[in-house]
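Okay, thanks for coming, everyone. Let me put the structure up and walk you through a few spots.

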Amino acid sequence: MANDPSRDSHQGRPDDPRPPARPLDGIDRDILRLLRSDGRASIRSVAERVHVSRANAYARINRLIDDGVIRGFSARVDQERAGHGASAYITLKIVQDSWRSVRERLRELPGVAHMALVSGDFDVLLLVHTSDNRALRDLVLTRIQSIPEVLSTRTLLVFEETDDLDPEP
């Protein structure tokens, strides 16, 4: 039963109060694609573009929010124009079984845009944005490497980034 694909990915986790996610149909996927490209789209516009009534579009968007499929709405920011002249991916090797405490410490750091626990040659992948290389150096050498459970880091500078890709839901 552990490999049963019909089981929801969070089902069975006692810390997740959400109901099991319902399967997405083509209209749901179209709505997600539209909202990813324009999070400010009106219900009317979404309804017209996916060919459903406004009430149906409203109900579907609310269901996607209630089910946790849509976790929120945000703005895509040009980091350089926002004063963040340096961006980097930072890989971390951490002490085994320390993810929860390391995650909490990393959440407190300025400029962390994304973090993930991953498999492979390192344990954690961070995307950070800082004002300049000096701030990046301080973040890595002073703040991150001072976390006792962090065994090593590797910093990969970002020369250019594209965040307007449209992956399929």
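When I say contact, I mean heavy atoms within 4.5 Å. Helices (H or I, at least four residues) and strands (E, at least two) are DSSP runs, numbered from the N terminus.

Housekeeping: residues are numbered from 1 along each chain as its sequence is written, and side-chain values use heavy atoms, with hydrogens and water left out. This is a predicted model, so local features need pLDDT of at least 70, side-chain atom pairs count only at pLDDT 80 or more, and totals for chains, interfaces and linings use all residues.

On to the helices. Ile43, Arg44, Val46 and Ala47 in H2 meet Arg54, Ala57, Tyr58 and Ile61 in H3. By class, that contact has six nonpolar residues, two charged and no polar (nonpolar is Ala, Val, Leu, Ile, Met, Phe, Trp, Tyr, Cys and Pro; charged is Asp, Glu, Lys and Arg; the others, Gly among them, are polar).

Next, His129, which sits in strand S3, residues 124-130. Buried or exposed? Its relative accessibility is 8%, so His129 counts as buried (buried is under 20% relative accessible area, exposed over 50%, partly exposed in between, with a 1.4 Å probe and protein chains only). Beyond neighbours within four places in sequence, His129 touches Gln79, His84, Ala86, Ser87, Gly111, Ala113 and Glu161.

Last, confidence: pLDDT is the predictor's confidence in each residue, from 0 to 100. The chain averages 86, and 86% of its residues reach 70 or more. Over residues 1-12, though, pLDDT is below 50, and that stretch has eight contacts in the model beyond near neighbours in sequence.
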